[in-house]
Amino acid sequence: MSVIDSIFYVLAFGLAFSLVGLGIFLSNKVYKLVDLTCESSFALGGCIYGSMVLIGLNPLIAMVCSMFLGYMAGVITASLINYIRLDSIIASLLPIGGIQSLLTKLVEIMSEVGPLITSVDRKSGSAGMPRP
């Protein structure tokens, strides 16, 4: 790996994590509440996207599904704050725990399924079981 490649990867990771920082900044300074859901929703989106692409789904469909699940994590947090009237820090910690348990189970399932995916279909470019 050359120095130019390393700089590119550092900038790409920095740009991705700047979105997490922007989410924290907006919730703390603009909306005046503490919302920690953005950290776990980014991990949820990445894990769901990677799992769906690994089993052979279209990357665009995987991206839409992962964005929807991140949206649902935010909806759960907002519902806990507005309807159940929990404190914002506690309401944002509850979905984090649930999402991390879901991700742990998903990684466990994908580690069992991963060896079953034996090849990449050269015609379609998607991962999956070899066709007969």
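Analyst: A nonpolar core is here a set of buried Ala, Val, Leu, Ile, Met, Phe, Trp, Tyr and Cys residues joined through side-chain atoms within 4.5 Å. In this predicted model, the largest such core has ten residues: Leu44, Cys47, Ile48, Met52, Ala62, Ala73, Ile99, Leu103, Leu106 and Met110. Helices H2, H3 and H4 each contribute at least two residues to this core.

The helix examined here is H2, which covers residues 37-54. Its 18 residues should span 26 Å at 1.5 Å a residue, and because the end C-alpha atoms lie 26 Å apart, the two values agree. After H2 comes Gly56, with a positive phi near 110°.

The buried residues of H2 are Thr37, Cys38, Ser40, Ser41, Leu44, Gly45, Cys47, Ile48, Ser51 and Met52. Their cover includes helix H1 (3-30), helix H3 (59-82) and helix H4 (88-113). Met52, a member of the largest nonpolar core, is in contact with Leu57, Ala62 and Cys65, when neighbours within four places in sequence are left aside.

H2 also takes part in the largest pocket, as H1, H2 and H3 each supply at least two residues of its lining. This pocket has a volume of about 560 Å³. Of its 21 lining residues, Thr37, Cys38, Ser41, Phe42 and Gly70 lie nearest the centre. H3 gives the most to the lining, with nine residues. By type, the lining divides into nine nonpolar, eleven polar and one charged residue.

Definitions and conventions: Residues are numbered from 1 along each chain as its sequence is written. This is a predicted model: local features need pLDDT of at least 70, side-chain atom pairs count only at pLDDT 80 or more; totals for chains, interfaces and linings use all residues. Side-chain values use heavy atoms; hydrogens and water are left out. Helices (H or I, at least four residues) and strands (E, at least two) are DSSP runs, numbered from the N terminus. The expected span of a helix is 1.5 Å times one less than its number of residues. Buried means under 20% relative accessible area, exposed over 50%, partly exposed in between (1.4 Å probe, protein chains only). Contact means heavy atoms within 4.5 Å. On a 1 Å grid over the protein atoms alone, a cavity is a set of points where a 1.4 Å probe fits but cannot get out, and a pocket is an open set with protein on both sides within 12 Å along at least five of seven lines; lining residues have an atom within 4 Å of a point. Grid points are joined across faces, edges and corners, and a volume is the space filled by probe spheres set on the points. Ala, Val, Leu, Ile, Met, Phe, Trp, Tyr, Cys and Pro count as nonpolar, Asp, Glu, Lys and Arg as charged, and the others, Gly among them, as polar.
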